[in-house]
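Here is a note for a colleague who is opening this entry for the first time. Please keep the sequence and the 3D view side by side while reading.

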Amino acid sequence: TRPYWPSSPSNGVLVDDSEMGLFIQRWGESQDTRYGDVHRYDYNDLCTDVTKFPRPRFASEFGYQSYPSFNALSKISEPSDWDNNSPFMNHRQHHPDGNKELKDMMSKFFHLPNNTNKTIQFQDFVYLTQVVQTICITAEAEHYRRILIESGYTRGTLYWQLNDIWQAQTWASVEYSGNWKLLHYGMKRVYSEVLVSAYELEGDIAVYVVFDQDDMTLKYDFHLAV
């Protein structure tokens with residue numbers, strides 16, 4: 001008697017009639033953007049490239065990793081562990097090649113930390129992983145919200161993931177302690193009632209104002225400095 005979703009991702013159902021006791025799933029490619037929900041993870045391409053983003057009915061899972069704060073890490077590690085390639089950090093990383101991917105994506109946006117003080121260098125690296133995570137996930141989430149006002153096509157999103165179960169490199173936006181990572185602040189902005197979103201494509205800049213209420217009246221002054 002309850003609505004049933006067979007799996008995630010899924011193409012949904014053709015028939016779901018509780019009175020008839022009839023349930024027929026729609027088979028086919030589970031990542032088909034015409035039906036149901038999709039998952040997306042891309043650790044290699046530039047994460048702000050809008051040409052790489054799908055246009056799904058519902059984006060039920062997408063994410064990118066970062067370290068927790070240095071304060072959180074320092075409580076369960078020693079100074080000899082404070083390196084992206086240390087045995088301890090490799091042990092805490094449960095995503096294959098995850099530490100390398102964090103470094104590679106960071107290099108697409110920033111110069112890699114190079115302070116001669118190794119502790120400060122690692123602290124800078126940890127911080128920048130959170131900056132990059134925020135850039136990546138907010139860019140994709142904004143894309144899905146823009147599609148909603150373009151065509152009403154993408155009706156919702158769920159990013160991966162909300163909270164951590166330990167202090168490690170994960171996809172979470174809330175640390176094990178409950179403290180917010182930078183991503184959580186970024187997603188609060190993206191999911192706000194009114195969102196101003198800009199992106200670059202082939203040398204052009206597009207700016208969208210997204211709002212949830214159809215009867216909302218907005219007045220903006222827009223200034224662009226190049």
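The numbered points below go through the core, an aromatic pair, a helix, a hairpin and a serine.

1. Basis of the note. This is a predicted model, in which local features need pLDDT of at least 70 and side-chain atom pairs count only at pLDDT 80 or more, whereas totals for chains, interfaces and linings use all residues. Residues are numbered from 1 along each chain as its sequence is written, and side-chain values use heavy atoms, with hydrogens and water left out.

2. The core. A nonpolar core is a set of buried Ala, Val, Leu, Ile, Met, Phe, Trp, Tyr and Cys residues joined through side-chain atoms within 4.5 Å, and buried means under 20% relative accessible area, exposed over 50% and partly exposed in between, with a 1.4 Å probe and protein chains only. The largest such core has 30 residues, of which Phe62, Tyr64, Tyr67, Met89, Phe122, Cys136 and Ile137 touch the most other members. Among the elements that give two or more residues to this core are strand S4 (58-62), helix H1 (70-74) and helix H4 (118-151), and H4 gives the most, with eleven residues. Helices (H or I, at least four residues) and strands (E, at least two) are DSSP runs, numbered from the N terminus.

3. An aromatic pair. Rings of Phe, Tyr and Trp (its six-membered ring) pair if their centres lie within 6.5 Å, and planes under 30 degrees apart count as stacked, over 60 as edge-to-face and the rest as tilted. The whole structure holds ten aromatic pairs. In one of them, the ring centres of Phe70 and Phe122 are 6.3 Å apart with the planes at 70 degrees, so the pair is edge-to-face. Because Phe70 lies in helix H1 and Phe122 in helix H4, the pair ties together parts that are 52 residues apart in sequence.

4. Helix H5. Leu183, His184, Gly186, Met187 and Val190 are the buried residues of H5. They lie on the same side of H5, because they cover an arc of only 160 degrees around the axis, the arc being that of the directions from the helix axis to the C-beta atoms. Tyr185 and Lys188, on the other side of H5, are exposed.

5. The hairpin. Strands S5 (residues 194-201) and S6 (residues 204-211) run antiparallel and are joined by eight bridges; two strands pair if DSSP finds at least two bridges between them. Two residues lie between S5 and S6 in this hairpin, and Glu202 in the turn has a positive phi of about 55 degrees.

6. Ser10. This residue lies in the segment before strand S1 (13-17), and Ser10 is buried, with a relative accessible area of 2%.
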